[in-house]
Amino acid sequence: MRCLLFACLLLSSFPSFALDRFQVEGYALRNGLQLLLKPGSDRGHVAIRLVVGVGIDDFSCAEKELPHLLEHLLFSGIDASGEGGLEERMQALGGEWNAYTSSADTTFVIEAPAKNQRQVLDLLLALLTQTQFDDNAINAAKQVVEREDGGHYSHLQRWLDRQDLGHTASNQLAVELGLKCQERAEVDQLTREQLEKVRKDWYAPNNMTLIVVGDLDRLLPAYLERTYGALEAINPTDHLPLPEIKASAAHERSLIHGFVGGGAKLHWLVPEPVLEDQHDETFDLLKDYLDWALYRELRLAHGLSYGPWAEREVFGGVGFMSLNADLERDDVAEAQEVLDELKARLLKDGLNAETFNRLKQAAIARQAWAVQGNSALADYYWGALGDYEDGRFADPAKELQGVTLEEANKAMRELLLQPGYLRIEKPLLSYDQVLWAIAGVLGLLVLILAAWRFHRRR
Ligand SMILES: [Zn+2]
């Protein structure tokens, strides 16, 4: 009987406990370290994410690679066995780790067997507190970062970037508007003192969030209190303000991308007007709508583009929506007309209610299966940290449900009424132009040969 009662209790509590992914046990240790602990549905495994609140946006153009370089350096070893020895320890625990530096944070990502979760966290703590870096380690890390960025930044690449030839359309626009650095950040000139300073100023418990999802050890809270709780808090450094639009950019421009080819890309980019409520949900739904409208017009109705797409991107403190299409070089003008007609029709008639509701329901339905398993859940919490309050993450399905057709129409009108920025990317020459050029050169050679023979005969 007792067993049955227990089973009933377990069965009734399990779905609400495990399936309510938005309810998470969260608290801060005395030193300010934020903890988010969530029992997951997969047994025998834990997903760990340590999010450090320092990213690329916290540094000026010349120093942008500092947090990324430091992230790599932290894997260079905690004792004489160096980088290899550190990796061997993780292998022995059956786990895997990696780290990522983004514009807003630096995050250590670990997957590990549940039974070794405390040892794995020990190793992560050792990496944070015991890594010593010398000049050799710094030079090795510099080489890796440089390779990740696409190899050595050559004089030619720098020159191309300055001539606007090295950037993609949205990046190029961001540079023009003063939202992004003109040249790629470099690692060569970064010093050990600078790296130590980043570590001292930002790698502190009161600037970190530790997320653990999965088959949690019941001693985990006490363990964390004893180990991670001993880290010393610092006076936090302020984040740099995000850049806003400072300069003006041309309404329309052609960008050269590649040398020879028959393709082209059309981009219409426009800053998103800031909405007071539900900004992201509204523009996410609008993006879905525009994505579908582009597909219907440019692919199904006119056959101009195989995979046109709408996209949301953020540069500095400004969000952009873009409408994009891959085209044949000769179809650019026609596609531009179709795009203009589409915008004019949307402004005149508004969003189609049936289409909007269908896409909205699809976006809500997606939420039911979008996050599967411990690792995806941990990643989800990492991405949604700003939406955590009173033990709960905001439920995206509810937020999407709250966006009305009227609000979406208002946002669409504010968006499409702007002139925006048109960017057309194409290679320097088309295949026809290359053929003509070759014919021209051959013709010239024939002429020279004829002139030479004529000259000799005389
Ligand atoms: Zn990297």
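Predicted model: local features only at pLDDT ≥ 70, side-chain atom pairs only at ≥ 80, totals over all residues.
Reader: What do the buried residues of α8 pack against?
Author: The buried residues of α8 pack against β3 (45–52) and α2. Buried means 20 or more other C-beta atoms within 10 Å of a residue's own, exposed means 12 or fewer, and partly exposed is in between, with C-beta atoms placed from the backbone. Packing goes by contacts, meaning C-beta atoms within 7 Å.

Reader: Which residues in α8 are buried?
Author: Val198, Arg199 and Trp202. They're on the same side of α8, because they cover an arc of only 100° around the axis (the arc of directions from the helix axis to the C-beta atoms).

Reader: And what's on the face turned away from the buried side of α8?
Author: That face of α8 has Glu193, Glu196 and Lys200, which are exposed.

Reader: Back to α2. How do α2 and α8 cross?
Author: Helix α2 (residues 66–73) and helix α8 (residues 192–202) have axes that come within 10 Å and cross at roughly 85°. So α2 is roughly perpendicular to α8, a label used for angles of 65 to 115 degrees.

Reader: Which residues make that contact?
Author: From α2 you've got Leu66, Pro67, Leu69, Leu70 and Leu73, and α8 brings Gln194, Leu195, Val198 and Arg199.

Reader: Switching topic: how many helices and strands are there in the protein?
Author: The protein has 16 helices and 13 strands. Those are DSSP runs: H or I of at least four residues for helices, E of at least two for strands.

Reader: What does the C-alpha trace span?
Author: About 110 × 60 × 40 Å along its principal axes. Of the 458 residues in the protein, 29% are buried.

Reader: What about α15, which residues are buried there?
Author: In α15 they're Ala408, Ala411, Met412 and Leu415. Their arc around the axis is only 105°, so they sit on the same side of α15.

Reader: Last one: how far apart do contacts in the protein reach in sequence?
Author: Take contacts between residues at least 6 apart in sequence: 78% of them join residues at least 24 apart.

How values were computed: Residues numbered from 1 in each chain as written. Axes fitted to C-alpha atoms, helices over the stretch in contact; angles between N-to-C directions. Parallel < 35°, antiparallel > 145°, perpendicular 65-115°, else oblique. Contact = placed C-beta atoms within 7 Å.
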